[in-house]
Amino acid sequence: REVAGNAAMLVDARDHRGWLQAMRTLCFDAELRGEMKRRSLDRALSFSWVRAAEETREVYLETRRRHGL
């Protein structure tokens, strides 16, 4: 959920009927498919490798501080 936001249809991995219904919905509902495409592209813009690297670095630095390294 955290990664997908509102840009995905979430289905339990063990729910075969749920997957089937989600796939059918996306296959036959062009308006929803277009909306999900727009949402996913918008969502992707909120991520960056630079920010991921900066946040990872902060975790490492905080870990070092906590352990006196």
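Among contacts in the chain between residues at least 6 apart in sequence, what percentage join residues at least 24 apart? In this predicted model, the proportion is 43%.

The secondary structure of the chain consists of three helices, with zero strands. Read from the N terminus, the order of elements is α-α-α. The radius of gyration of the chain is 18 Å, whereas a compact globule of 69 residues would have a value near 11 Å. The C-alpha trace spans about 55 × 30 × 10 Å along its principal axes.

Burial and surface composition were then computed for the chain. Of its 69 residues, 7% count as buried. The accessible surface amounts to about 6,400 Å², and carbon and sulfur atoms account for 58% of that area.

Helix H1 covers residues 16-28 and includes arginine 24. Tryptophan 19 also lies in helix H1. Apart from neighbours within four places in sequence, tryptophan 19 is in contact with Val11, Asp12 and Ala13. Methionine 9 is 10 residues away from tryptophan 19 along the chain, and the C-alpha atoms of the two are separated by 9.4 Å.

Arginine 24 has a relative accessible area of 45% and is therefore also classed as partly exposed, by the limits of 20% and 50%. A separation of 43 residues in sequence lies between arginine 24 and histidine 67. In space, the distance between these two residues is 52 Å, taken from C-alpha to C-alpha.

Helix H3 is formed by residues 49-66, 18 residues in total. From the first C-alpha of helix H3 to the last, the distance is 26 Å, close to the 26 Å expected at 1.5 Å a residue. Just after helix H3, glycine 68 adopts a positive phi of about 65°. As a general point on such elements, an α-helix has 3.6 residues a turn, so residues three or four places apart point the same way.

Taken together, the predicted model shows a chain of three helices and zero strands, with a radius of gyration of 18 Å and 7% of its residues counted as buried.

Methods. Residues are numbered from 1 along each chain as its sequence is written. This is a predicted model: local features need pLDDT of at least 70, side-chain atom pairs count only at pLDDT 80 or more; totals for chains, interfaces and linings use all residues. Side-chain values use heavy atoms; hydrogens and water are left out. Helices (H or I, at least four residues) and strands (E, at least two) are DSSP runs, numbered from the N terminus. The radius of gyration is taken over C-alpha atoms; the globule rule is 2.2 Å times the number of residues to the power 0.38. Buried means under 20% relative accessible area, exposed over 50%, partly exposed in between (1.4 Å probe, protein chains only). Contact means heavy atoms within 4.5 Å. Accessible areas come from the Shrake-Rupley method with a 1.4 Å probe; for residues, only the protein chains shown count as cover. The expected span of a helix is 1.5 Å times one less than its number of residues.
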